[in-house]
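Me: I have a structure open here and would like to go through it step by step. Could you help me read it?

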Amino acid sequence: MARYIIRRLLVFIPMLFLLTLIIFSLAKAAPGDPLTGKQLDPTVSKEVYEIQREELGLNDPLPTQYWNWLSSFTSGDFGQSMYYNGRSVESLISSRLLNTVYLGILAYLITLAVSIPLGIYSARRPYSLLDNTATTFGFVGLAIPNFFFGLIGIYIFSIHLGWFPSQSTMSDPLLTGIPAFMDRLHHMILPAITLAMAGTATYMRYVRSEALDILGSEYIRMAKAKGMKERTVLYKHTLRNALIPIITLSGYEFGILLGGAVITEQVFNYSGLGMLFIESIVNRDYPVIMAINLLLGATILLGNLLSDILYSVADPRIRYD
Amino acid sequence: MNNNINPTMEYKQREQQAKSPRQLAVQRFMANKLAVTGMITLTLIILSAIFAPLLTNIDPTRADLTLIEQAPSSDHLLGTDSSGRDNFARLLYGGRISLVIGFSAMMFSLMIGVATGTIAGFYGGKIDSLIMRFADLMLALPFFVLALTIIAIVDEVTIALFVFVIAITTWPNLTRIVRGSFLTLREREFVLSAQALGATNGRIIFKHLLPNAIGPIIVNATLLMATMIILESGMSFIGMGIPQPTPTWGNMLSEAQNIRILRDHPEAWLPPGLAILLTVLSINFIGDGLRDAFDPRSSQRSK
């Protein structure tokens, strides 16, 4: 297994390198560069413009430019925003990143809390009322676009019932301590449920089909035959094994949550990384777009790596050659 | 004893009983209630999009600023939007655009996916690892994010360009499926015998391998069309898809980002959302039905 993990790591590094290459190409394909504004400015003479180009390395051959870009990235310098007049990209991202991370964590907790019990109970009583309801919910959950689900959520729970706020991350930035936490949580519940929807439906189907397989297996029959309690059979033998696909999926979930956050945050006006991404797309703020792409890509590659490793740890039956 | 039974009768009966794998698949599909319901619903949605001009005589792009955000009336069944365009006409004509985009993007993605998957799975070796590494890389970026990034780079979004963008961000899944089927099929005896008989690579690919991999390809292409429709609506919703005034379901939903419309005019945003939901649900049911029809064992594994 150690050899497998090492080999997997060896694949990860060139992938990360290729990812930077693709994002650099996209950045170069984008119109304009940090000096486009100055070129149009009549007070900046052509000579000064050319000197600045030279200083910023914009006249260097592409491989040199790529190398400089990559090395500044690895040293944590993501460049400057073209829209927010030279504000550094990392300060823009770091001010939003935590909001998205909190949202993602809450969404993931909701996913686990709903999908695992539903999946297990559906498998225990297949084709019962609960199972059929859960299956229907699963079909709808996978088919409904999350922004439409979010709109319905706002319409019912914010506008008509008034239970949850529909906009922003907090109502009063001056709050501190427990009230601030509760306020943030209150704002996060609707977006988190929206974000969790698709994952919950997927996980539930996985847990159900895995648990069904396990309940029909010999070792469960054996456990029942020797007089083990139903609860013990369910929790100790079935649940633990049915969780294997969930563990494996958890790494991939990074990407799904981050991708979903882009549109969910837009619906709820939730000031996170996803909303920053959309704002940057609208403003054509390429340095921010590329930095977020790189951040997402690297996180997802890391998540996939984690998934593969967890899989080999969680299920010793898997063999690698 | 049945000696007096006409032998040709018996032969005819047997011919009726013996069914080709394709007929069996059709039979299994037709026995699946959800799949048939999905098929009927989708057909109705497609028909209402095709015959939109017969169902309404209002031009979906005609704006009338004296009649904005009207409540439903006999003139405007679902009221009007923030530019005074008729919501009912936009719903019908929007279905056209959304379905056409979903279908053509799926076909485009399918072509890229089948071509790359065939090359990777059949030839193997260096070209295989090259294609698959690239596919993995494309999968490392959420396609929604990648598609938005490309849209930000290009100047003006047309329907053709939009289809191209969402197709080139979604092909790697199909590549994996096709390659996977080819890798197992390639080792089977009938391929070996075709090779021994001197069949060319092209003949083996098109006559022996592709027809045998058609089941998973069709199933995944169906499900991909659902993904494409959601992707289009999502991008149009945030204003980065098909530009207004062209009606699409996503464009109609983007009106609901205005809290006033969301609160006061559910008749404006609920129908296009339900239309997307129904279409995607029907396509998913059809996809599941096709999967069970092509591979009956799959229905025993999961529901």
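Reply: What follows is a chat about the model shown above.

Reply: Please keep in mind that this is a predicted model, in which local features need pLDDT of at least 70 and side-chain atom pairs count only at pLDDT 80 or more, while totals for chains, interfaces and linings use all residues. Residues are numbered from 1 along each chain as its sequence is written, and chains are lettered from A and ligands numbered from 1 in the order in which they are written.

Me: How many helices and strands does chain A have?

Reply: Chain A has 13 helices and zero strands, where helices (H or I, at least four residues) and strands (E, at least two) are DSSP runs numbered from the N terminus. Its C-alpha trace spans about 90 × 60 × 35 Å along the principal axes.

Me: Where is the kink in H5(A) centred?

Reply: The kink is centred on Arg96(A) and comes to about 30°, the bend at a residue being the angle between axes fitted to the seven residues ending there and the seven starting there.

Me: New topic: which domains does chain A have?

Reply: The assignment gives domain 1 (2-74) and domain 2 (92-314), with bounds that come from an automatic or database domain assignment. The centres of the two domains of chain A, taken over C-alpha atoms, are separated by 35 Å, and 12 residues of domain 1 are in contact with 11 residues of domain 2 in that chain. Contact here is for two residues whose C-beta atoms, placed from the backbone, lie within 7 Å.

Me: And how many residues do chains A and B bring to their contact?

Reply: Chain A brings 38 residues to the contact and chain B brings 32. On the side of chain B that touches chain A, H14(B) gives the most, with eight residues.

Me: Back to chain A, is Ala134(A) buried or exposed?

Reply: Ala134(A), which is placed in helix H6 of chain A, counts as buried because it has 24 C-beta neighbours inside 10 Å. A residue is buried if 20 or more other C-beta atoms lie within 10 Å of its own, exposed if 12 or fewer, and partly exposed in between, with C-beta atoms placed from the backbone. Leaving aside neighbours within four places in sequence, Ala134(A) is in contact with Leu118(A), Ser122(A) and Met204(A).

Me: What about phi of Tyr127(A)?

Reply: Phi of Tyr127(A) is near 65°, a positive value in a residue other than glycine. Most residues other than glycine have a negative phi. Tyr127(A) sits in the loop between H5 and helix H6 (129-143) of chain A, and Tyr127(A) is exposed because 10 other C-beta atoms lie within 10 Å.
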